[in-house]
Amino acid sequence: MGEPQPSAAALAPEAPPRASAAIEAFVAVLEAMPFACAAYARDGGALFAANRRFLDEFGALPEHAERDRLLRGLHGGEVDGNGPLEVHAPHNGRWYALHWGDVAYDGRRNLALLTAVDISERIQSLDSHKSQQEKLLFTSRLMSVGEMAATLAHELNQPLAAIVNYLNGSLRLVDQAGGPAQVERALQAARAQAEHASAVISRVREFVRAREPRRDAHELQLIAATVLELLRLEAERLQLRIDLALAPDLPAVYADRVMVEQVLLNLVKNAIEAMREVPAAQRELRVEGRVNLDGEIEVRVCDRGHGLSAADQDQLFSPFFTTKTDGLGIGLAICRSIIEYHEGRLFFEPRDGGGSVFGFTLPRAEGRA
Ligand SMILES: Nc1ncnc2c1ncn2[C@@H]1O[C@H](COP(=O)(O)OP(=O)(O)OP(=O)(O)O)[C@@H](O)[C@H]1O
Ligand SMILES: [Mg+2]
């Protein structure tokens with residue numbers, strides 16, 4: 001055994017080979033701190049001393065022995081930041097508040113003293129509070145949309161049924177009187193439209209009916225068809241075709257059908273809205289479905305809209321982030337809650353050749369439903 005080391009502390013290579021009493025005292029002070037502490041030389045930034053806790057928590061970072069490199073490793077720069085700096089340490093996934101202080105160690109040597117307080121618990125409780133709020137938001141939005149749709153459906157169902165009856169009566173009269181064929185055709189067309197409107201309304205009512213999520217095996221083909229039918233008129237108005245490209249033999253997903261329909265509806269609506277200003281010839285909307293490398297089902301909504309700036313990408317999924325004058329900014333936040341509830345991932349990526357891809361993953365039903 002060599003000479004005794006100062007208890008649990010580390011001495012950097014440039015410290016004198018024989019630890020003086022002063023160094024030992026200094027190290028003892030670091031050791032007594034209830035959080036990770038390290039002292040670096042003001043000049044050059046080499047590690048001078050650290051307590052055991054610091055070595056346990058940051059020793060795995062190859063950059064820990066040098067101040068500037070450590071800071072770059074933790075937050076990519078800003079070496080002389082004042083005040084606490086909250087960083088996410090990539091090597092252990094924890095959050096730290098970093099404080100820097102100056103210590104005049106002896107006449108020659110000035111040290112920069114780093115304390116790193118683990119604040120992961122505070123950050124986690126903030127996060128769970130936030131997701132709690134998001135869930136509430138999600139439920140309240142679902143409820144208000146549901147109530148509105150139920151009222152509308154109720155109010156419109158009656159007159160629509162009456163219209164269909166009157167049209168049937170008129171058709172009979174025209175038929176009996178041997179009336180003009182054009183009138184008969186027009187009445188038939190009107191009846192088809194009214195019946196279609198009824199079908200859309202009952203679909204909407206089913207779509208928003210408030211209820212507990214219920215996961216089951218569902219074919220993506222049917223989910224996509226329902227959503228595209230709901231958006232058909234809007235797409236036609238914008239002279240836009242929606243291509244559906246699902247891989248053949250796509251396995252069923254394990255999901256609440258109505259919730260996934262809502263996600264797809266939000267994403268396709270956003271894609272349509274992003275292409276409003278784009279010349280009609282360039283509007284191209286594709287909904288793709290395939291099994292990804294992790295064996296999940298991945299759905300991608302690809303548009304040729306204006307895309308997203310890097311700054312917007314950061315906020316994309318936060319509730320109330322919107323760049324639209326008439327937007328609420330909760331579409332994507334709701335989508336994310338729903339997809340995470342399904343153990344999936346909602347993601348954005350720029351589309352090759354311009355535009356955006358918004359996608360999500362869902363587990364397959366095999367072995368679960
Ligand atoms: N396909 C897309 N292309 C470009 N930007 C998009 C796209 N989808 C979403 N965004 C951006 O993300 C923002 C947030 O979208 P989100 O759906 O959450 O809210 P919104 O569409 O603005 O309002 P709403 O709550 O009515 O859906 C949008 O305002 C828009 O800036
Ligand atoms: Mg939206």
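A residue counts as buried when its relative accessible area is under 20%. In this predicted model, Phe-48 has 0% relative accessibility and therefore counts as buried. Phe-26 is buried as well, with a relative accessible area of 13%.

These residues bring in the aromatic pairs. A pair of aromatic rings is described by the distance of the centres and the angle of the planes. With centres required to lie within 6.5 Å, the count comes to 5 aromatic pairs. One of them joins Phe-26 and Phe-48: the ring centres are 6.1 Å apart and the planes stand at 50°, so the pair is tilted.

Another pair is made by Tyr-40 and Trp-100. Its centre-to-centre distance is 6.1 Å and the angle between the planes is 50°, which makes it tilted. Here two strands are involved: Tyr-40 sits in strand S2 (residues 36-41) and Trp-100 in strand S5 (residues 95-104). The two residues are 60 residues apart, and the pair again links distant parts of the chain. Trp-100, with a relative accessible area of 23%, is partly exposed.

Ring pairs also build a cluster, whose members are Phe-54, Phe-58 and Tyr-96.

Key: Residues numbered from 1 in each chain as written. Chains lettered and ligands numbered in written order. Predicted model: local features only at pLDDT ≥ 70, side-chain atom pairs only at ≥ 80, totals over all residues. Heavy atoms only, no water. Phe/Tyr/Trp six-rings, centres within 6.5 Å; stacked < 30°, edge-to-face > 60°. Buried < 20%, exposed > 50% of the residue type's maximum accessible area, 1.4 Å probe, protein only. Helix = DSSP H or I, 4+ residues; strand = E, 2+ residues; numbered from the N terminus.
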